[in-house]
Amino acid sequence: MLYEVNDEQPLLNRIEVDIVDVGGDSIEDSHVLDFNLRMGFDASTVDDLDTQAVLLPYIDPILFGDSASSFQTNIVVPEDWLDGYTDGDYRVDLRAIDIWGNETSLSIHAVPEPAHVGAILALVVLFWSARRRDCPNRGGRPVCR
């Protein structure tokens, strides 16, 4: 999932990822990464923070320049973490929450084979874009920049 927020909005603070059994609606596995509450990562030493844990869901910030009007962060759900939940009996629920508690979410039903999960989670979710960009129409399709 691509989390995008304009440069005047609060930043991402927490992600919550659940693997849900669709038939019983029970949570089979979950992970929370919260920076204010220091959950989901080992902050006991600086050395532990230097190497990002990539076996559980994590964030991967995208570099931006001085002229950027938005900040972007990939929220990554590793293939290995989804192993065993790759048939239509499960869904992945992902929530991204800013420092004020504002939330956006994405649910993916019928989780495919792990090799394809990354492509599906790359769906773009725009989170409170206060700026509107013009999208010129080229060949019958809007082209946004």
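This passage walks through the predicted model of a single chain, from its overall make-up to a few of its residues.

Residues are numbered from 1 along each chain as its sequence is written, and side-chain values use heavy atoms, with hydrogens and water left out.

Confidence comes next. The predictor's confidence in each residue is given as pLDDT, on a scale from 0 to 100. Its mean over the chain is 74, and 73% of the residues reach 70 or more.

The chain as a whole contains three helices and ten strands. These elements are DSSP runs numbered from the N terminus, with helices being H or I of at least four residues and strands being E of at least two. Along the sequence they follow the pattern β-β-β-α-β-β-α-β-β-α-β-β-β. Of the 145 residues, 34% count as buried; here buried means under 20% relative accessible area, exposed means over 50%, and partly exposed lies in between (1.4 Å probe, protein chains only). The chain exposes about 9,100 Å², with carbon and sulfur atoms supplying 50% of that area. Accessible areas come from the Shrake-Rupley method with a 1.4 Å probe, and for residues only the protein chains shown count as cover. Among contacts between residues at least 6 apart in sequence, 56% join residues at least 24 apart.

Two strands are said to pair if DSSP finds at least two bridges between them. Strand 1 (residues 2–6) pairs with strand 5 (residues 70–76) in the antiparallel sense over five bridges, and one of the bridge partners is Gln-72, which faces Glu-4. Strand 4 (residues 58–61) also runs antiparallel to strand 5, joined to it by four bridges; there Tyr-58 has Val-76 as its bridge partner. Thr-73 belongs to strand 5 as well. This residue counts as buried because its relative accessible area is 12%. Leaving aside residues up to four places away in sequence, Thr-73 touches Met-1, Leu-2, Tyr-3, Leu-12, Ile-59, Asp-60, Pro-61 and Ile-62.

A further antiparallel pairing links strand 2 (residues 12–21) with strand 3 (residues 26–34) through eight bridges. Within it, Ile-19 stands opposite Asp-29 of strand 3. The two strands form a hairpin with four residues between them, where Asp-25 takes a positive phi near 60°.

Aromatic rings were also searched. Rings of Phe, Tyr and Trp (its six-membered ring) pair if their centres lie within 6.5 Å, with planes under 30 degrees apart counted as stacked, over 60 as edge-to-face and the rest as tilted. The rings of Tyr-85 and Tyr-90 have centres 5.0 Å apart and planes at 85°, so they are edge-to-face. Tyr-85 is buried at 17% relative accessibility, and Tyr-90 is buried at 16%.

Tyr-90 leads on to His-109, which touches both Tyr-90 and Arg-91 when residues up to four places away in sequence are not counted. His-109 lies in strand 7 (residues 103–109). From His-109 to Asp-87 the C-alpha to C-alpha distance is 9.3 Å, across 22 residues of sequence.

Methods:
Predicted model: local features only at pLDDT ≥ 70, side-chain atom pairs only at ≥ 80, totals over all residues. Contact = heavy atoms within 4.5 Å.
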